[in-house]
Amino acid sequence: MSYVEDFAPGQNVLPARAWLDDDTARVALSGDWSFRLSPSVADAPDDLKDPDTSGWDTLAVPGHWQLSGYGAPAYTNIVYPFPLEPPYVPTENPTGDYVRTVAVPADFAGSRIVLRFEGVDSRFAVWANGSFVGWSSGSRLPSEFDLTSLVTPGSEAQIAVRVHQWSAGSYLEDQDMWWLSGIFREVNLLALRPGAATDVFVHSSYADGVGTLRVDADVAGTVDIPELGLSVPTGASVTALVEPWSAESPRLYDGVLRTDGGEVRLRIGFRTIAIVDGVFTVNGNRVLFNGVNRHEFHPDRGRTLTEQDMLDDVLIMKRAGLNAVRTSHYPPHPHFLSLCDEYGLYVVDECDLETHGFGYEPQPPDLPNPVMDPRWRDDLVTRMQRMIGRDKNHPSIVIWSLGNECGMGENLRAMYDAAKAIDPSRPVHYERDTEAEFVDIYSRMYTDPAGCAEIGADPASYRGLPFILCEYGHAMGNGPGGLLDYREVFEKYPRCQGGFIWEFIDHGLRTTIDGREVYAYGGDFGETIHDGNFVCDGLLFPDRTPSPGMLEFAKVIEPLRIVADGKGVTITSHYEVLDTSHLTFRAVVEVEGEQVSSEVLTVAPIAPGETVSLPLPYDGSQPETWVTVSAELSSAASWADAGHRIAWGQVRLDEPAVAVAAAGSPAEVSAGVQGISFGTVSNARIEVWRAPIDNDVQPGVADAWREEGLHRVQHRIVSAGERDGAWEVITRTAPPALQWGLRSTWRWTAVEGGVQLELNVVPEGQFPKVLPRLGITFEVPKVDRVEWFGTGPNEAYIDTREAAAVGKYASTVADLQTPYVRPQENGHRIDTRWVQLDTLRIDAIGNLFGLTVRDWTTADLETATHTADLKPGAKTHVTLDLAQTGVGTAACGPALPDRDKLHTAPATLTLRFTQ
């Protein structure tokens, strides 16, 4: 059997060791390599002992060959894109050969010369100067090979690497992402000097102001920490007064391990992880994980990230108030973990493992999941050992994770035992251990808030372990909605300790289709088996622009709750360790959207868990008087400038007046085939359909709506004429072939400067229980800019409105659109008081309306597959909603709560149109 289809993890791979910041001499092998791609293993010439590369291409390392024009990316979520026949893979197995020559420095003499790969997808073999060195798998794990006997310092050496797209290891790496191949992380040639430490394990704990430190190393030496005045031999324990490390206060101490052969720079964070009475704690404090799942992704480079990309990700997380990241579903580049240490993020470090495509605990005649099959045990255990070996010194890592969605099997228990043997200080997580047989954290995915509350209310269930949602709030397309419900559960039950949104970023690959630049998803590269845009389910768009979902999540997880309390506010601190002395509180008063005052508030430091009440002595005699209280950074932090807003809340000071429709005479409107028209408004009609969002499509909600005919309603004018002082038009909106409709009475009266509409909608017949939306839609002459008073500045729906502040806003029509990778309903602004569209102003009289303004129709939006498909038309399309169904997270999560559905019932809306 070829090594490509071997169950083993590798051959001649050196034991796992810590990723070190040391003075080891190295030659970076990033850059151009000679490259040749063969369609199969059999077609790859057996010439790597002495390859002639004169006719080869050139390919940059690190990188993926599919993103450089060799083959094509492919996306699947669960299913494997090849037959399940482990350990065999298709004969058509693209195989890439990389060759380059490296000058081995003369001063490498006397050192152990090691070739280190940080990441290669999927399995690869290495030759040096024509001699076979070994092979390895585990795509997101490092592999090192000893070349000492094969290369000569002061001379050139030829390195050849053969990489296979598919291998036995591919069965273990079914991780809901693009299948991309190649040497995608750095390669270095290292000179490990005699007497230099090559593996180090930092043990640093904290209790009651005192840190305890012991540094173990494979070579004896001395550890110096100048700031603490410490100098201690390796292997010895020492205590000192220290400040602890946490995500909120990531205090690090710089140390140096000196041995006869060199130095290792250490960044030491003192912290203790413990589970106390079913609660996960760091330094004795309960942790609430406000986290996100993070794949490594860039729209042009795939999983090849720069250090700047990694820093961008960390800064985005910190500025949004996130405190945790799960490295789904593999260990990230080690530099990312160093950034988490420095800036403060709790990390769940996950092993490079997912076998979802086999199903959970399959029974004969189905094949066993690899975690059930003893032939895979060595590889799986080795993967766990390699991850912990590399990452063990990062204080940010507070939990190890065995992998993702593999069902249950004895191999997982062996991985758990291996983890505990190396590092008993950290808990181990695995979500598919549904009965908590051996894990230290009980975990689920996508459980609804009620289910979470049930677990929280029964502290003895599941061995009394802490409970987290390793995935929730699926952020696919428009959403996630309903996050506030989760927050309330997490704060009520100590055992319910938060979770991790799925996921951080949309994996849209930037490409060109029919001459248009788009972000591609599954199927765009001609895959026969794919899972469409399920790869685009992040809080960030592919270019790392925050989506409305990210803004909503950031608002929900704010560390301070600033809420209205009569004519004042209460401020509750949900910080873990910080008080509020680093913050400035500011109050801004606005009347009908116009600022009338701004001042800094005097607020004594608020301790974690403490609540204070703050009166707001402002005049509330004017209509729509709003006070926005914000907490901002008083001075710059490492991750944000001074003035960065940490939390905010709004209070309305006036009592809303009862709106009264104005009296008038019958207005002149015309009712035609396309709808009702007057002034610059044309074709006003009832709208019940929205371009389905992903949370409508995936669970079949949109299909059910189509069965009710909601996507193809027709409009009939029942009557039109003067009645009781108004021009009254009665319409009926109904689908063909079905026995239901909406009977709408439109009463139009002339008022000063325009017309007033009193709309009354009544369902008839066997109408559907739920509508996507209920509103009126019409066209106006082309509008470039919109001004409105209501919620903003970003889109908001009934279950995604926490981040929406009442105010006066202005935007271009183009900027009102949210560029979801797959176009769908977007851009809705709930609770609008008035909107100005050039010379046309529309005011709500009584009930507020939801506002949507677009340069295309709902039908255009629904049929588009990418944002580039949407072309502005000659007119601007406006929808004013009485209400709209919420967005939820049902694409991969619980069904939309009944509370957030638009139930079909009589409804009214009164509007004033003036010009």
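Me: Which residues have the most contacts inside the largest nonpolar core?
Reply: Keep in mind that this is a predicted model. The largest nonpolar core has 125 residues, and those with the most contacts inside it are Met384, Leu402, Leu412, Met415, Leu560, Phe585 and Leu601.

Me: Which helix gives the largest share of this core?
Reply: That is helix H1, residues 307-319, which contributes six residues.

Me: And what is leucine 412 in contact with, leaving aside its neighbours within four places in sequence?
Reply: Leucine 412 then touches Leu353, Val371, Leu402, Gly407, Tyr430 and Phe438.

Me: What other core lies apart from the largest one?
Reply: There is another core of 51 residues, and Trp648, Val688, Val853 and Leu880 are among them.

Me: Let's switch to helices. Why can H3 be called largely enclosed?
Reply: Because 11 of its 15 residues are buried, helix H3 is largely enclosed by the rest of the structure. The buried ones include Asp379, Arg383, Met384 and Ile388.

Me: How does the span of H3 fit with its 15 residues?
Reply: At 1.5 Å a residue, helix H3 (residues 377-391) should span 21 Å. Its end C-alpha atoms are 21 Å apart, which agrees.

Me: What about H7, how many of its residues are buried?
Reply: Eight of the nine residues in helix H7 (residues 548-556) are buried, so H7 is largely enclosed by the rest of the structure too. Among them are Pro548, Glu552, Phe553 and Lys555.

Me: Charged residues next! How many salt bridges does the structure hold?
Reply: It holds 65 salt bridges. As background, side chains of opposite charge can pair when their charged atoms come close.

Me: Which residues are linked in a network of salt bridges?
Reply: The network links Asp121, Arg140, Glu173, Arg303, Asp352, Asp379 and Arg383. Two of those names, Asp379 and Arg383, are buried residues of H3.

Me: Could you show me a single pair? Where do arginine 413 and glutamate 410 sit relative to each other?
Reply: They are three residues apart in helix H4 (residues 410-422), so about one helical turn separates them.

Me: Which salt bridge does arginine 426 make?
Reply: The side chain of arginine 426 meets that of aspartate 423, at 2.8 Å from N to O. Both arginine 426 and aspartate 423 are buried.

Me: And how far apart in sequence are the parts tied together by glutamate 624 and arginine 833?
Reply: They are 209 residues apart. Glutamate 624 is in the loop between strands E41 (611-615) and E42 (625-633), while arginine 833 is in the loop between strands E56 (829-832) and E57 (834-837). The salt bridge between their side chains is 3.0 Å from N to O, and both glutamate 624 and arginine 833 are buried.

Me: Okay, sheets now. What is the order of the open sheet with three strands?
Reply: The order is E17-E18-E21, with antiparallel pairing. Strand E17 (200-207) and strand E21 (237-241) are the edge strands, each pairing on one side only. On average, neighbouring strands are turned by 20° against each other, direction ignored.

Me: How many bridges are there between E17 and E18?
Reply: Eight bridges, with E17 and E18 (residues 210-217) running antiparallel. Serine 205, for instance, has threonine 212 in E18 as its bridge partner.

Me: What about phi for aspartate 724?
Reply: Phi there is near 50°, a positive value in a residue other than glycine. In general, most residues other than glycine have a negative phi. Aspartate 724 lies in the loop between strands E48 (714-723) and E49 (726-734), and aspartate 724 is exposed, with a relative accessible area of 65%.

Methods:
Residues numbered from 1 in each chain as written. Predicted model: local features only at pLDDT ≥ 70, side-chain atom pairs only at ≥ 80, totals over all residues. Heavy atoms only, no water. Pairing = 2+ DSSP bridges. Helix = DSSP H or I, 4+ residues; strand = E, 2+ residues; numbered from the N terminus. Axes fitted to C-alpha atoms, helices over the stretch in contact; angles between N-to-C directions. Salt bridge = Lys/Arg side-chain N within 4 Å of Asp/Glu carboxyl O. Buried < 20%, exposed > 50% of the residue type's maximum accessible area, 1.4 Å probe, protein only. Expected span 1.5 Å × (residues − 1). Core = buried A, V, L, I, M, F, W, Y, C linked by side-chain atoms within 4.5 Å. Contact = heavy atoms within 4.5 Å.
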